[in-house]
There are 2 protein chains.
Amino acid sequence: MSHLKNDRFIRALLKQPVDQTPVWMMRQAGRYLPEYKATRAKAGDFLTLCKTPELATEVTIQPLDRYPLDAAILFSDILTIPDAMNLGLYFSEGEGPKFSNPIKSQADVDKLFVPDMTEELGYVMAAVNMIHRELDGRVPLIGFTGSPWTLATYMVEGGSSKDFGKVKGMMYDQPKMMHQILDVLAKTIIQYLNAQIEHGAEAVMIFDTWGGALSTRDYKDFSLNYMQQIVEGLNREKDGKKIPVIMFTKGGSQWLEAQADIGVDALGLDWTIDIGEARKRVGDKVALQGNMDPCVLYSTPERIREEVATILKSYGNGTGHVFNLGHGIHQHIDPENAGAFINAVHELSEPYHSK
Amino acid sequence: MSHLKNDRFIRALLKQPVDQTPVWMMRQAGRYLPEYKATRAKAGDFLTLCKTPELATEVTIQPLDRYPLDAAILFSDILTIPDAMNLGLYFSEGEGPKFSNPIKSQADVDKLFVPDMTEELGYVMAAVNMIHRELDGRVPLIGFTGSPWTLATYMVEGGSSKDFGKVKGMMYDQPKMMHQILDVLAKTIIQYLNAQIEHGAEAVMIFDTWGGALSTRDYKDFSLNYMQQIVEGLNREKDGKKIPVIMFTKGGSQWLEAQADIGVDALGLDWTIDIGEARKRVGDKVALQGNMDPCVLYSTPERIREEVATILKSYGNGTGHVFNLGHGIHQHIDPENAGAFINAVHELSEPYHSK
């Protein structure tokens, strides 16, 4: 049926029966792995790593060579889009991403444009292409993007922010201007994800990292609304196969019902919510992805196993669950503990899936 | 009845009728006020400001001289308790609070003790005393503490943290040790708040700033449970007057029902939840304090007024609402906008209170 040798991840997202609960980790290609650090050192800097398809492919595959993961995720950065819009992305050591030309005025907003997927963002598509070829059906490849609101926070703040004073100041004071930014981002993201699908992504995920910083009303107007537009603009089928869409608002558990209504196949969950409770709230509408606290990985293989068991039991019988952490894996985690986590999910989940 | 010239704040917390919705701002004595900056400059550093009752009194009163606020809050730091336990609190410019002796081992935990409220923490009580005398019934004085879990995060991390790797690692791996820390903190906090009440605090508030970083299960076991112990240990009456207790877990909106059951008079709300929705969920059990996004204050007096109107309307008729921001006021806010906020609450709330 499928060209995929392991299609558990896709099947669980589409709520089709699986033999074991599939598992992957956000930021699985990352600094906790010595082999990642070696490739990054070779690249010189983070942006070169993202922009060199051979190196992006190398780090995307690394965790799969170490662990029996059920999905690969494109190695890239969420800020490729504003970078392609000429905001001048750079990374300063220890301070995270920065933009040399943040958005400050209506004139800056008017300069935003939908970048070309074969030009400015061609390197992303080259990486998707190369990873897909390299994977050769081993596991599905996840394409991804940041949400419009999340990208806008960096574009207006000029980098990371603790309290979002600038971007929210603009949202409250100049809502029309903010909507103009979000609109061009949503249009771009539709093309961006569709191009990733075209080049080989078998599922796509929207990371709404900062949607949880908004009020209920503003979350709906300034974040969820644009993610819905994106979901509606995606090509959900490729070569007769469905392309599942996952949406994840960190800190957004209180809005699950609204999230389940925008047409996605699955919702990501952070660790603050009990997954059984989440399943009750969304019913059959969507699959769920999550949700172990990444900090459990600081403990022991035994404790990790216990926590995996608790989450599996809370979700209960049947498909529709992709196991993951509730946020990206931290850089100081022992790779052995990550392995214990992945093995525990496979082993302990079997009884929840009927033969 | 009351020695208070303005007792709206106390009355609203106790769900007694009021003429207007009372309002105060978390961190109202803070860097957005030029007069605060002047006093802080005089003090030299932040800890001296906290530890000198005359200066703490001065900054506590400053916002009351500028705005018609309905409550004063003790100017102090949430980390006075671990400082009194000899963890060596200091502030490094731009990096926030740090401890020179963070908790790393069982031996460190065994050294923790309940500090003396007249010795190590005597300066806090002296400040409460002096502020209370200085206020002379103008408005009620709020005493406060950090929650055990929140204090523990700083004590184990050695300062602020983004992902709580150390403290959660300890919680997952050494739960007994973590409970021992939380237990000595809860015992201390009961004495600390009771001493503040004894010295003149007319209401008390527990700030659980980092409870929202926990899973539902761990929030209940490692944060809410200890706050309940504290609430049960407090002297809730002084000279025949009730002392209301407010509890605020930032990022904790999903657990409102459980919070409303620990015996507090009121719950603080951050801005992510619609206050009308929160009121429906907690019913008559508790009053609510909140919840405008502090970032609204970056906009204009007109926009601020509009947002105040929306929140008042969402809460609806009757008492039981103390207006506040959903988190502390930011340092770059224009003091005029803070004034517009406070005036808007008083003016626009009258129709919601029957004569």
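Which residues of α4(A) meet which residues of α7(A)? A:Pro53, A:Ala56, A:Thr57, A:Thr60 and A:Ile61 in α4(A) meet A:Tyr123, A:Ala126, A:Ala127, A:Met130, A:Ile131 and A:Glu134 in α7(A). Two residues are in contact here if their C-beta atoms, placed from the backbone, lie within 7 Å.

This is a predicted model, in which local features need pLDDT of at least 70, side-chain atom pairs count only at pLDDT 80 or more, and totals for chains, interfaces and linings use all residues. Residues are numbered from 1 along each chain as its sequence is written, while chains are lettered from A and ligands numbered from 1 in the order in which they are written. Helices (H or I, at least four residues) and strands (E, at least two) are DSSP runs, numbered from the N terminus.

**Helix pair α4 and α7**

In chain A, helix α4 (residues 53-66) and helix α7 (residues 122-135) pack at an angle of about 45°, with their axes 9 Å apart. That angle makes α4(A) oblique to α7(A). Axes are lines fitted to C-alpha atoms, for helices over the stretch in contact, and angles run from 0 to 180 degrees between N-to-C directions. Angles under 35 degrees count as roughly parallel, over 145 as roughly antiparallel, 65 to 115 as roughly perpendicular and the rest as oblique. The crossing of α4(A) and α7(A) is right-handed; a crossing has that hand if the near helix is turned clockwise from the far one by less than a right angle, and is left-handed if anticlockwise. By class, the contact of α4(A) with α7(A) has 8 nonpolar, 2 polar and 1 charged residues. Ala, Val, Leu, Ile, Met, Phe, Trp, Tyr, Cys and Pro count as nonpolar, Asp, Glu, Lys and Arg as charged, and the others, Gly among them, as polar.

In chain B, the axes of α4 (residues 53-66) and α7 (residues 122-135) come within 9 Å and cross at roughly 45°. α4(B) passes α7(B) in a right-handed crossing.

**The sheet of chain B**

In chain B, 7 strands form an open sheet in the order β1-β4-β5-β8-β9-β10-β11, with parallel pairing. Its edge strands are β1 (72-73) and β11 (321-325), each of which pairs on one side only. Two strands pair if DSSP finds at least two bridges between them.

| Strands of chain B | Bridges | Sense |
|---|---|---|
| β5 (residues 203-208) and β8 (residues 245-249) | 5 bridges | parallel |
| β8 and β9 (residues 266-268) | 2 bridges | parallel |
| β10 (residues 287-292) and β11 | 5 bridges | parallel |

B:Val204 stands opposite B:Val245 in β8(B), and B:Ile246 stands opposite B:Ala266 in β9(B). B:Asn291 stands opposite B:Asn324 in β11(B). Strand β8(B) is mostly covered, with 5 of its 5 residues buried. A residue is buried if 20 or more other C-beta atoms lie within 10 Å of its own, exposed if 12 or fewer, and partly exposed in between. B:Val245, B:Met247 and B:Thr249 point one way from β8(B), while B:Ile246 and B:Phe248 point the other way. In a regular strand the side chains alternate between the two faces of the sheet.

Helix α13 (residues 275-282) of chain B lies across β9 and β10 of that chain, running at about 160° to β10(B).

**Contact between the chains**

The contact takes 27 residues from chain B and 27 residues from chain A. Helix α9 (residues 165-173) of chain B gives the most to the side of chain B that touches chain A, with 5 residues. By class, that side has 8 nonpolar, 13 polar and 6 charged residues.

**Single residues and backbone**

A:Met227, in helix α11 (residues 216-233) of chain A, is buried, with 26 other C-beta atoms within 10 Å. A:Met227 and A:Met247 are 20 residues apart in sequence and 8.2 Å apart in space, C-alpha to C-alpha.

Most residues other than glycine have a negative phi, and most peptide bonds are trans. The peptide bond from A:Gly290 to A:Asn291 is cis, with omega near -5°, and A:Asn291 is in strand β10 of chain A. The bond from B:Gly290 to B:Asn291 is cis, with omega near -5°. Phi of A:Arg27 is near 60°, a positive value in a residue other than glycine. B:Lys15, which is not a glycine, has a positive phi of about 60° and counts as partly exposed, with 18 C-beta neighbours inside 10 Å.
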